[in-house]
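Keep the model open while reading.

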Amino acid sequence: MAKLLQKESTHFHLMLLPALVLVLIFQIYPMTGIVLAFKDFVPTKGIMGVWHMPWAGFKYFRFVLDNPESKTILRNTLIISFGKIITMIIFPVVFALMLNEIRLRWFKRTVQTVVYLPHFLSWVVVAGILKDVLSLEGPVNWVLHHWFGVEPQMFLGSNDWFRSIIISTNVWKEFGFSTIIYLAALTNINPSLYEAAEIDGAGRFQKLMHITLPGIAMTIALLATLSLNGVLNAGFDQIFNLYNVLVYDTGDIIDTYVYRSGLMSAQYSVATAIGLLNSVVSFILVVFTYSMAYRFANYRIF
């Protein structure tokens, strides 16, 4: 405390003050809303009257856990999340290894920039493009029908296609960003190791297996471990802008269900209970993944 009050550091604390105020207003104060999960909330009495409403105990948590729809939503969330995690490890690593082998510097930088650009696009924009491209009259169905004789498909209305589209479009949009991280890890490998391997007669594949991959293995393990803390977050923005009632069986996730229950159906207590359960499990996963990251990669935030 004495150090905090030192005059030399006062201006630093004053600079932090606006950020702390914003955190209190937009992050801490809204958390008082979790009380809705334990109350029989009546919307007509307003949010300020929630403290005078009867307590419901764990009624809404039991409702969520006993609801058969919850199993479908949890299954969809886990399948889509793990699909994204696995593909976002494989594709960026493979692409970074391929890009690292290119010796034309201008071509390498051009490709790196092009694949990085989709990361800055909003899912609203990407969803609009995908809906046009994958529509019945879109270019994909036109090519399939006129070139291969395949009947037009409702890709975004098919439970067989929806998860694949979600995972593949996520790879297209985000793998460029992860590629940059792996390229940075590749630059940290000592070039003398490659020179020594060449003297020993090692080929490109042997250098890849015995120098390159072990050199970035820690980065791969770290990113894979940290991605586990978002396993219950399958990507609300993407799915909300692409899904429809026809694909609820395979595309409805926890966040979209909370949105529909809370804002569309006015079941605020149920939506809050689901959100609170999601947050508690996510917090446990965050603690677990950071402890694993510290254990295997010596990664620490504090």
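A crossing is left-handed if the near helix is turned anticlockwise from the far one by less than a right angle, and right-handed if clockwise. Helices (H or I, at least four residues) and strands (E, at least two) are DSSP runs, numbered from the N terminus. The model is predicted, so local features need pLDDT of at least 70 and side-chain atom pairs count only at pLDDT 80 or more, while totals for chains, interfaces and linings use all residues. Residues are numbered from 1 along each chain as its sequence is written, and side-chain values use heavy atoms, with hydrogens and water left out.

Q: How many helices and strands does the chain have?
A: The elements run α-α-α-α-α-α-α-α-α-α-α-α-α from the N terminus on. The count is 13 helices and zero strands.

Q: Which orientation do H3 and H4 have to each other?
A: Axes are lines fitted to C-alpha atoms, for helices over the stretch in contact, and angles run from 0 to 180 degrees between N-to-C directions. The axes of H3 (residues 68-100) and H4 (residues 105-116) come within 10 Å and cross at roughly 160°. Angles under 35 degrees count as roughly parallel, over 145 as roughly antiparallel, 65 to 115 as roughly perpendicular and the rest as oblique. H3 and H4 are therefore roughly antiparallel.

Q: Which residues of H3 and H4 make the contact?
A: Contact means heavy atoms within 4.5 Å. H3 gives Phe-95, Leu-99 and Asn-100, and H4 gives Lys-108, Val-111, Gln-112 and Val-115.

Q: Which orientation do H4 and H7 have to each other?
A: The axes of H4 and H7 (residues 162-187) come within 7 Å. They cross at roughly 140°. H4 and H7 are therefore oblique.

Q: How do the residues of the contact of H4 with H7 divide by class?
A: H4 brings Gln-112, Val-115 and Tyr-116, facing Phe-175, Gly-176, Phe-177, Ile-180 and Leu-183 of H7. Ala, Val, Leu, Ile, Met, Phe, Trp, Tyr, Cys and Pro count as nonpolar, Asp, Glu, Lys and Arg as charged, and the others, Gly among them, as polar. The division is six nonpolar, two polar and no charged.

Q: In the crossing of H3 past H7, which hand is found?
A: The axes of H3 and H7 come within 6 Å and cross at roughly 40°. H3 and H7 are therefore oblique. H3 passes H7 in a crossing that is right-handed.

Q: Is Ala-127 buried or exposed?
A: Ala-127 lies in helix H5 (residues 123-133). Beyond its neighbours within four places in sequence, Ala-127 contacts Asn-241 and Leu-242. Buried means under 20% relative accessible area, exposed over 50%, partly exposed in between (1.4 Å probe, protein chains only). At 3% relative accessibility, Ala-127 counts as buried.

Q: What phi does Ala-266 have?
A: Ala-266 is in the loop between H12 (254-264) and H13 (268-297). Most residues other than glycine have a negative phi. Ala-266 is not a glycine, yet its phi is positive, at about 60°.
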